[in-house]
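I opened my notebook today to look up a few things about how parts of a protein chain pack together.

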Amino acid sequence: MAYYEILLPLALLLIVSKVLMKLCSKVGIPSVVGMLLAGVVVGFLQYIPSQTILSDTALTGLGFISKIGVILIMFSAGIETDLGQIKKVGGPAVLITAAGVIFPMALGFVVSVLCHGGFAALTTETALKSVFYGTILTATSVSVTVATLRESGKLNTKVGTSIVASAIIDDILGIVVLSFVLSLSGGDGGSNPWIVLLKTVLYFVVIMVLSVIAKRFFDGLDKRFPHHRLVPIFSLAFCFAVAYCSERFFGIADITGAYVVGLILSTNPDRKYIDRKSDVLSYMFFVPVFFGNIGISTQFSGIGGEMLLFGFLFIAAGIVGKLCGCGAAALTCGYGFSDSLKVGLGMMARAEVALVTAQKGIEHGIIDSSIMPFIVIMIILTSFITPICLQASYRSDERKLEQK
């Protein structure tokens with residue numbers, strides 16, 4: 001296996017990302033869109049016959065690097081999150097999350113049933129399949145939203161913290177729902193929903209104890225070595241270790257562990273220094289690869305007419321479910337229409353969690369593998385429209401203020 005094969009795709013991705021980021025900035029589009037477009041542009045190389053640039057080795061390597069990129073994004077998001085604001089939106093975050101799980105899951109279930117024979121032909125097997133299709137739509141990935149909010153300076157606002165807090169709770173609920181559906185299928189003996197629930201509770205107990213110890217350690221380290229690179233290095237090491245343990249021992253997504261570490265360090269006196277140093281590492285290399293890899297990963301095969309109809313209805317259900325569900329929940333919690341719209345927009349983005357969930361269903365024979373291209377389309381589509389619509393919403397608010 002020639003590991004040097006990843007170097008040329010990396011060079012192309014970084015160059016194209018930087019050029020498109022600059023172009024997007026000049027026309028007022030979030031730079032995140034430029035990184036995503038770079039992946040789409042570089043991904044076209046896959047359709048050139050006998051090309052060797054995007055080899056299997058290169059694609060595997062890009063996939064691994066992109067995983068680190070999303071961990072670093074969530075780590076920085078945690079550091080920049082105001083815990084006081086999180087406490088203020090704690091109740092609304094739970095309601096927003098619940099609506100963001102129930103609405104898309106219900107819509108996905110209905111669309112699947114209607115496209116697979118209707119309710120009259122519903123059997124235990126098709127019901128389970130439809131429930132799993134709905135489960136795929138419950139996943140939220142706020143990486144694009146977080147990057148957009150950070151770029152706009154809106155991450156530490158009521159809307160920003162509501163979205164991030166809701167997404168973290170969404171991750172936990174998504175794991176419980178996924179495990180429950182898999183246990184119903186009998187395809188995964190280790191996914192007993194009660195065991196998953198117990199491990200989740202235990203995880204947060206461990207995190208609370210760890211946060212007290214880590215806070216004292218990093219506060220002491222900062223006093224002894226103020227503004228020294230030792231502090232951000234130890235911080236990143238701690239982030240990776242907790243992200244690993246979250247996934248390996250508790251079944252909690254690694255990005256949740258990374259975000260939790262960021263939260264723990266958000267009260268550190270040197271948090272801005274830590275964030276600045278980690279940003280240099282992440283946005284110079286890992287983050288462009290993460291967003292670019294989303295565009296590169298698209299593959300289309302074996303799609304018939306019926307699957308085409310179902311696929312696009314499935315995408316619509318995913319977008320409408322999050323937008324309307326989370327937006328309506330925010331309205332119920334007393335948010336204004338404009339802020340509720342932003343919450344709905346921020347929560348509709350999907351990424352690797354949806355792909356992993358779908359892959360689980362395919363591995364256990366619950367759903368058809370031909371759904372994967374549509375999930376990729378949904379990821380790309382929501383990754384594009386989320387930052388653009390969020391930016392447009394904030395600009396609309398600014399224009400209204402100027403007119404007053």
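**Entry 1: a phenylalanine and its ring partners**

Does Phe218 count as buried or exposed, and at what relative accessibility? Before looking, I noted that this is a predicted model. I found a relative accessibility of 3% for Phe218, so this residue counts as buried. The cut-off I needed here is that buried means under 20%.

Next I looked up Phe217. Its relative accessibility is 42%, so Phe217 counts as partly exposed.

I then searched the whole structure for aromatic pairs and got 13. I wrote myself a reminder that a pair of aromatic rings is described by the distance of the centres and the angle of the planes.

One pair I checked joins Tyr133 and Phe310: the ring centres are 4.9 Å apart and the planes stand at 70 degrees, so the pair is edge-to-face. Tyr133 sits in helix 6 (residues 124-136) and Phe310 in helix 13 (residues 305-332), so this pair ties together parts that are 177 residues apart in sequence. I also saw that Tyr133 and Phe310 are both buried.

Back to Phe217 and Phe218: I found their ring centres 5.2 Å apart and their planes at 85 degrees, so this pair is edge-to-face. For both pairs, the step I used is that planes over 60 degrees apart count as edge-to-face. I noted as well that Phe217 and Phe218 belong to one aromatic cluster with Phe234 and Phe238.

How do helix 10 and helix 12 lie relative to each other? I looked up helix 10 (residues 230-250) and helix 12 (residues 271-296), and their packing angle is about 70 degrees, with the axes 9 Å apart. They are therefore roughly perpendicular to each other, since angles from 65 to 115 degrees count that way. The crossing of helix 10 past helix 12 is right-handed.

Which residues meet there? From helix 10 I listed Val231, Pro232, Ser235 and Leu236, and from helix 12 Tyr273, Ile274, Lys277, Ser278 and Leu281. Sorted by type, the residues of this contact are 6 nonpolar, 2 polar and 1 charged.

**Entry 2: a closer look at one serine**

I picked Ser278, which lies in helix 12. With 2% relative accessibility, Ser278 counts as buried. What does Ser278 contact, leaving aside neighbours within four places in sequence? I found Phe75, Ser76 and Leu236.

Note on methods. Residues numbered from 1 in each chain as written. Predicted model: local features only at pLDDT ≥ 70, side-chain atom pairs only at ≥ 80, totals over all residues. Heavy atoms only, no water. Axes fitted to C-alpha atoms, helices over the stretch in contact; angles between N-to-C directions. Helix = DSSP H or I, 4+ residues; strand = E, 2+ residues; numbered from the N terminus. Parallel < 35°, antiparallel > 145°, perpendicular 65-115°, else oblique. Left-handed = near helix turned anticlockwise from the far one by under 90°. Contact = heavy atoms within 4.5 Å. Nonpolar A, V, L, I, M, F, W, Y, C, P; charged D, E, K, R; others polar. Phe/Tyr/Trp six-rings, centres within 6.5 Å; stacked < 30°, edge-to-face > 60°. Buried < 20%, exposed > 50% of the residue type's maximum accessible area, 1.4 Å probe, protein only.
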